[in-house]
Amino acid sequence: MHFINETTFPRKEPKAAIRKEVCDGCAICVDVCPRNCLEVATNPKRLNARIIRLTPELCSGCGACQGACPKEAIYIPGLSTADLRGYVNQALAMSGVCS
């Protein structure tokens, strides 16, 4: 299912990046990722702590993880949270879900 058409969403597919100093391993991003490119791992810098690990070659840069992360620890370079919200709102308006 496609919510955003190619004329409104950036054509270049950037990969997600993780701010490891902010990520607490909550795994919300793992749950929403449609490509299964995120996984929970042990944080090597903090014992008994978790962090999210990304497999970049599986990532399409869709932004689902960025939109879901409550700490803004994961993001798509070049795609601000405000831009992402705008794309989602536009898609919802186009689908008739919101007016």
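Strand S3 supplies the largest share of the lining of the second largest pocket, 4 residues. The model is predicted: local features need pLDDT of at least 70 and side-chain atom pairs pLDDT 80 or more, whereas totals for chains, interfaces and linings use all residues. Residues are numbered from 1 along each chain as its sequence is written, and side-chain values use heavy atoms, with hydrogens and water left out.

A pocket is an open set of points on a 1 Å grid over the protein atoms alone where a 1.4 Å probe fits, with protein on both sides within 12 Å along at least five of seven lines; its lining residues have an atom within 4 Å of a point. The space in the second largest pocket is about 220 Å³. Of its 13 lining residues, Lys20, Asn43, Pro44, Lys45 and Ile51 lie nearest the centre. Strands S2 (38-42) and S3 (50-54) each contribute at least two residues to this lining, strands being DSSP runs of E of at least two residues and helices runs of H or I of at least four. By class, the lining holds 6 nonpolar, 2 polar and 5 charged residues.

Helix H3 (residues 81-95) has 15 residues and should span 21 Å at 1.5 Å a residue, which agrees with the 21 Å between its end C-alpha atoms. Its buried residues (under 20% relative accessible area, 1.4 Å probe, protein chains only) are Leu84, Tyr87 and Ala91. These cover an arc of only 60° around the axis and therefore lie on the same side of H3. Exposed residues (over 50%) on the face turned away from the buried side are Ala82 and Arg85. Helix H2 (64-68) is included in what covers the buried residues of H3. Gly96, with a positive phi near 85°, follows H3.

Conventions. Expected span 1.5 Å × (residues − 1). Arc of directions from axis to C-beta. Contact = heavy atoms within 4.5 Å. Points joined across faces, edges and corners; volume = space filled by probe spheres on them. Nonpolar A, V, L, I, M, F, W, Y, C, P; charged D, E, K, R; others polar.
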